[in-house]
Amino acid sequence: MINTLLNGCGCKNKTRNLSYDSSDDTSKCSSADSDTMKKHEPGCELVKQNGIGAFLSSISPRNLFKGFRKGSEFNMPKAERTMKAAILIQQWYRRYLARMEVRRRYTWTIFQSIEYQGEQDQVKLYNFFNALLTHIPTATITPQKPINSDATSKSSSTDTTVETKFEDESASEGGSSPSHHVESNYKGIHISSPLTRKDLNNLIDTFRKKKQHRLHAKYVASILRQSAAVLKKLPNLNQASTAISKQITVCGDLHGKLEDLLVIFHKNGLPSAENPYVFNGDFVDRGKKGLEVFLLLLSCLLIFPDGVFLNRGNHEDHVMNTRYGFIREVKLKYKHNAERLLKLIEGVYRWLPLGTVVNNKVLIVHGGISDITDLEWLRNLDRSKYVSLLRPPVTEGAAATGETIDKLEWKQVFDILWSDPQGCEGCVPNTLRGAGTYFGPDITEKFLEKHNLLFIIRSHECKIDGYELTHDNKVITIFSASNYYETGSNKGSYMKLVGPQLSTHFVQFNTASSKAGTKALTFRQRIGLVEQSAIRELSAKIMAHKDKLVEEFVHVDTESKGLIPVSDWCTIMEAKTGLCLPWRMLKEKLVSVDPQGSGKVFYMTTFQEIEPCRRDESVAVESNTTVVETLYRNKSSLEAIFRIIDKDNSGYISLEEFKDACELLGEHLEHSQDQAVDICKSMDINKDGMVDLNEFLETFRLVDMDRKSMEIFDIDSDD
C-alpha cells in the first residue's frame, strides 16, 4: 500500500534527489521487503476456515490479538524482528519524506509563479509603450530617436573617454569628493593592460572580501572596452571543441551570486585552454555581486580567449536590469561614474554571442528553441542591433511610418533567450512568462534531426537539484545559482561534457551549507524556513490585490456572515491574483477555516499580517523598482506619448482620447475597453476626469516613497 501511495504522489523515485543525505541509504525498498512485511503482518496467521463458525472464531479476542501476544513476539527469530522493525521505520520515513516533498514543491511553485508573473508584467508594459510609439500615426510629432538606438549603442562600445576622467570611488562610503586627485586617494589594486593571470587572482581576492576597496572605475571601464572589442570579433554562435581539452564545463545562471562562481572555480579550476568553460547567460540581476561576477567572467575571457565562451541571457538586457537590480547596483557602487559605465556595459551586451556549439554536436543556448528556430539564420543576422530584446530596434524614420525591423529575425533571437521546454508536444506562446515559447519533445526531435545534433543544453529556469533532464534526455537544464529564492531553496550545479561521446556528468553544490548558521539546521527546519519565506512573498502579492479580492468575497457572501465556501475562495484567489497555485492546499497557511466543519473560510483573515522576518542577506535580491523607471528617465519619450494621445492638443487626455488610442492599438494589445478605462482612471490623480502631463508623468514615477527605505542594503556584504 505504501509503495502505491508513493508512486501516486511521485515521491518514491524522487527520494534520492532530496538534499537530506541519509535518504540515499534508507530509501531502498525492494518488492521482497514488501512481501516480507505482508507475510508477518499482525493477524495474517489466522487459519482460514469455511462457514460461520470459522468466521466467529476468527473475530474472537483470542485470535484477533494473536499477533500481538508477548509470547509470539519474543518467539520470533531475532533477524525476523529486526527486519520487521526496519520495514516499519522505513514506512514511516518514506511518509515523512513524502510530506516534506509536498511542502517543498508547493513552496517552489509559489516562488516560481511570482517570478514569472513579474516577467510577464514587464513584457506587457513594454509592449504597450512600444505600440504607442510605433503604431499610432501622427504627423505633428517629430520622431525622436530611442534611447536604445543603434547609434547610441555603437557609441557605447567605441567610447574613447580618457581613463583618468573616471573618478576614484574606493572610499566613497567615507565621503570622498570627486574633486580629489584620482591616484592620491585610490587604495585598491592596480591591474595591467592587457590583463594577466596575476591580475585575475588579485581581482578574485579583492572581490571575495566582505569589505573591499572599490576597483577603480577606470579599470572597470578598461575591462569593458577590451571585452567589447574581443566579443565583436566573435561569431553569433561560438564554436567550441574538446579536441585538446577532452572535456568542457557548462555553467548556468549565476545572477550575481559571486560565492557560487568562486565555488565552481575552486572545485573545477580556473578556465584555460585545457579547462574550457561555457557560461550560459544571466550573469547579473537579483544578486548583490552582479558587477563582480560580470567583471570576473570578462577578465577570464580576456586572459583565456580559447578557454571561455560567454552566451547572452535574457537578463543581459538593460530593461531587465532596471527591474531586477543590476542598474541600481552599479549606481550604488559607482555613484559618480555610473552612467558612463552603464553605456559601456550595454556595449558589451550587444556583442555577446547568442549561443555555443560544441563539436558540432551539442547546442548551448540560454532559453531554448521554437518551431521556427534556424541556426543558419542565427549565424547570419546582425546581433549588435539587439541592445534590448524587450524593446526591438527601430529603423531610421520608423517612428513615423510604423515600420520596424524584420519581426521574424527578432523572434529568432527572442525565442532562444526566453523559451522553456514543455512535456506535451507542439510549440505555443509562453503565457506564463509573457515572452518566448513552450516547445515540446516533437519540436526538439525535429530540430536535432535537422541540424544533426545530439542534444540541447539550456538554463533560464531554476531547478531544485540544479539541473533537470527532459524530452527523453535531449534537453538538459543547468542552473548554477544555489539558494536562488531563499536559503535552502535549491542546489546549484554545473555539468561537464567528457570524451568524444560528450558524456554528461553533473556536479551539485550549495554555498549555504558552509555557513555555521545553516549547518545546524535539520532538513525539516530548512524546508520550514523556505516555506515561511514563500508565504511572506505570496502574502505581499495578495495584499496588492486586496480591494479586488474583498469585492469578490463580499459578492459571494450573500448572507454577510464573513464566510464563503473553500471552493469559491480558491477560485477567486486564482482569478484575481493571476497566480495558478494549489490554493486548496495553501488555505491552512493563508486563511482561517471555520472550526464548525462547514467547509467555509473566514475570508477577511486572508489579509492578516504575516509576522515579519528578515530575509537571509545572501539570497538573491530583487529590486523594488519596476520597468517604468527606464520610461520615466527618458522623459522625452513619455512626453511624446502624451502628445500622441492628446489629439486636440488641449494639454489634457480625456477618457475618450485614451479609449481611441487603445482602439488603434487593438491588434497589438489585448486590453479590453474596461481595462483601458481603469488605466486612464488610475492616471487621474486629482479625479477631475482629465489627465494632464504632470499626472501622466507621476503615474510612471519609479521612486515609491513607501518602499524607498527598504531599497537600501549593504552592498559590500555577502552575508
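Colleague: How many bridges join strand β2 to β13, and do the two run parallel or antiparallel?

Modeller: Strands of a sheet pair through backbone hydrogen bonds, either parallel or antiparallel. Strands are DSSP runs of E with at least two residues, helices are runs of H or I with at least four, and both are numbered from the N terminus. Two strands count as paired if DSSP finds at least two bridges between them. Here β2 (residues 247–251) and β13 are joined by five bridges and run antiparallel. Val-250 stands opposite Met-495 in β13.

Colleague: Before we go on, what kind of model is this?

Modeller: This is a predicted model, in which local features need pLDDT of at least 70 and side-chain atom pairs count only at pLDDT 80 or more, while totals for chains, interfaces and linings use all residues. Residues are numbered from 1 along each chain as its sequence is written, and side-chain values use heavy atoms, with hydrogens and water left out.

Colleague: Which strands form the open sheet, and in what order?

Modeller: The order of the five strands is β4-β3-β2-β13-β14, with mixed pairing. At the edges stand β4 (308–310) and β14, each with a single partner strand, so one side of each has no neighbour in the sheet. Neighbouring strands are turned by 20° against each other on average, direction ignored; the axes are lines fitted to C-alpha atoms, and in general the angles run from 0 to 180 degrees between N-to-C directions.

Colleague: How many residues lie between the strands in the hairpin of β13 and β14?

Modeller: There are four, and Gly-499 in this hairpin takes a positive phi near 75°. The strands β13 and β14 pair in the antiparallel sense over seven bridges, and Leu-497 stands opposite Thr-504 in β14.

Colleague: Now the rings, please. How many aromatic pairs does the count come to?

Modeller: Rings of Phe, Tyr and Trp (its six-membered ring) pair if their centres lie within 6.5 Å; planes under 30 degrees apart are stacked, over 60 edge-to-face, and the rest tilted. By this rule there are 16 aromatic pairs. One of them is the tilted pair of Phe-294 and Tyr-349, at 5.9 Å centre to centre with 55° between the planes. This pair links distant parts of the chain, 55 residues apart: Phe-294 lies in helix α13 (residues 290–303) and Tyr-349 in helix α16 (residues 338–349).

Colleague: Is Phe-294 buried or exposed?

Modeller: Buried means under 20% relative accessible area, exposed over 50%, and partly exposed in between (1.4 Å probe, protein chains only). Phe-294 is buried, with a relative accessible area of 1%, and Tyr-349 is buried with a value of 1%. Tyr-494 and Phe-509 form another tilted pair, 6.3 Å centre to centre with 35° between the planes. Tyr-494 sits in β13 (residues 492–498) and Phe-509 in β14 (residues 503–509).

Colleague: Which residues are buried in helix α24?

Modeller: Val-566, Trp-569, Cys-570, Ile-572, Met-573 and Thr-577 are buried. Seen down the axis of α24, these buried residues fall within an arc of 170°, so they line one face of the helix; the arc is that of the directions from the helix axis to the C-beta atoms. On the other side of α24, Thr-571 and Ala-575 are exposed. Just after the helix, Gly-578 takes a positive phi of about 75°.

Colleague: Finally, how many disulfides does the structure hold?

Modeller: A disulfide is a pair of cysteine sulfur atoms within 2.5 Å, and the structure holds zero. Cys-251 is buried at 0% relative accessibility, and Cys-300 is buried at 0%.
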